[in-house]
Amino acid sequence: MAVTSRHVRRLYLTLVLLNTLAVTFIWGINSLLLFEAGLSNTEALAANACFTLGYAVFEIPTGSIADTWGRRASYLLGGGTLAVTTLLYWLAWRLHAGVWVWAGVSVVLAVGFTFFSGATEAWLVDALHHLRYDGRLEQVFARGQVAAGIGTLAGSLGGAYVAQATDVGVPFLVRAALLLTLTMVAWRVMHDIGFTPRRGSGTVKDVRRVLTESVRHGWGRPAVRWVMLGSMVAAGVGYYVAFTMKPYLLQLAGDRRAYGLLGIAAAANAAAQTVGGLLAMAFQSLFRWRMSVVIAGVALNGALLAGFGLAGGVPLAIALLALHSMVSAAILPSRQAYLNGLLPSDRRATVLSFDSLVASSGGVVTQPGLGRAADLWGYPTSFVLGGLLQVMALPMLFLARRHEVTAATRTEPAEAVPQRS
């Protein structure tokens, strides 16, 4: 049977749904594992910053694998690596490891995620271009946000209640099993379309060439560079919120073992992410330019995050956090379509990985910094500071808006286009 764009889109949504379900099975309780090991906020955030550092170090090498060996190969490596390193994370908890062990395992864990970064998105865009899909990328990415929201809802809620019934380590074992299953399924059904892998004796040379060209197509273009720099500020805050909102909500509730409450919070965030994906196209219709969508969303999220820190009770805190997730999901398709419209196919995965690298590098500094603020002044102050940091990304996004290119309109080109004069 001939492969159609409808088949590719359905497979993409299925992979997003199942991958998110597996990955988020620990999201409701992952930071509690470190705190149960006796780590302070500063130590736990430092270990998590090492995860972010691993992301930054391995983003480009693993992204270049997707642009040389193929998107499918990178995806399969990601699934296998993440399953094994999830088991290492569980083992570190069982052995009551110290902060340096957690830091080392976190770096290795990041490698699995970097194989995924950019590969699935590049696989989708290449296949749709090859099959002459005439729809809008934003719509596909928005549906991906809906699928991710459903997966997050099922994964995080299920993982939290499994932890409630057993302990915080069991969800890690379940996640490893789910990831191994997904990897085997992807091996059967996922194939590169519109992209020809380049393997052979010149692989190292090819990787070096891809890296050089990707920096030129990414950092060397102002329209892309300012978006990346803006994400460096905002993404680091997002990592911090995802990690520390669990102990903060338990603190507000006055019960350190209310894991079910964390499941409810995660479910609310996932439902909000689904709604955000559904509203993405309507939100974009309010603006002419894609970057204007991103600017409005980042400004609103800064205010919501400050409100989250100032919330005096659990219901209000969960509501504000859910709104933050909804806005993030609503603006992400516009950002994804903006970047993909500027990138040539044979550099797409690596530049997208470079984008993640820049964002991760900001998190290396932001997370322990905000963690230190939480140790000194409490979680509420650290979240207010996080909201201010997100607002600090706005000048860079406005500079990106000044360099807006033809691809930033809602007309989707097949390849990158030149900048306007």
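**Note on buried charges, aromatic groups and surface features**

1. The side chain of arginine 290 reaches the backbone oxygen of alanine 337 at a distance of 3.3 Å. The model under review is a predicted one, and the contact just given is computed from it. Arginine 290 belongs to helix α12, which covers residues 290-310. With a relative accessible area of 1%, arginine 290 is buried, because buried means under 20%.

2. Arginine 290 also forms a salt bridge with glutamate 138, where the closest N and O atoms are 2.6 Å apart. Glutamate 138 lies in helix α7 (residues 137-165) and arginine 290 in helix α12, so the pair ties together parts that are 152 residues apart in sequence. Both partners, arginine 290 and glutamate 138, are buried.

3. How many salt bridges does the structure hold? The count is 2. Besides the pair of arginine 290 and glutamate 138, the side chains of arginine 71 and aspartate 126 meet in a salt bridge, at 2.5 Å from N to O. This pair links distant parts of the chain: arginine 71 is in helix α4 and aspartate 126 in helix α6 (residues 119-130), 55 residues apart.

4. Are arginine 71 and aspartate 126 buried or exposed? Arginine 71 has a relative accessible area of 0% and is therefore buried. Aspartate 126, at 3%, is buried as well. Arginine 71 has a further contact: its charged end sits over the ring of phenylalanine 195, 3.9 Å from the ring centre.

5. On aromatic side chains, a search of the whole structure finds 10 aromatic pairs. Tyr240, Tyr248, Phe308, Tyr379 and Phe383 form one aromatic cluster.

6. A nonpolar patch on the surface is formed by Val84, Leu88, Leu91, Leu95 and Val108, with about 430 Å² of accessible area together. Helix α4 (residues 71-94) gives the most to this patch, contributing 3 residues. Leucine 91 is found in helix α4. Its relative accessible area is 38%, so leucine 91 counts as partly exposed, the class between under 20% and over 50%.

7. Two backbone positions deserve attention in review. Histidine 96 has a positive phi of about 55 degrees although it is not a glycine. Histidine 96 lies in the loop between α4 and α5 (99-116), and with a relative accessible area of 63% it is exposed. Most residues other than glycine have a negative phi.

8. Arginine 132 is placed in the loop between α6 and α7.

9. What separates the C-alpha atoms of serine 5 and arginine 132? The distance is 7.9 Å, although the two residues are 127 residues apart along the chain. Serine 5 is found in helix α1 (residues 5-23).

Key:
Residues numbered from 1 in each chain as written. Predicted model: local features only at pLDDT ≥ 70, side-chain atom pairs only at ≥ 80, totals over all residues. Heavy atoms only, no water. Patch = residues over 30% accessible without salt bridge, like charges linked within 9 Å, V, L, I, M, F, W, Y side chains within 5 Å. Areas by Shrake-Rupley, 256 points an atom, 1.4 Å probe, with all protein chains shown as cover. Salt bridge = Lys/Arg side-chain N within 4 Å of Asp/Glu carboxyl O. Helix = DSSP H or I, 4+ residues; strand = E, 2+ residues; numbered from the N terminus. Buried < 20%, exposed > 50% of the residue type's maximum accessible area, 1.4 Å probe, protein only. Polar contact = N/O pair within 3.5 Å; in protein donor to acceptor, adjacent residues only side chain to side chain. Phe/Tyr/Trp six-rings, centres within 6.5 Å; stacked < 30°, edge-to-face > 60°. Lys NZ or Arg CZ within 6 Å of the ring centre and 35° of its normal.
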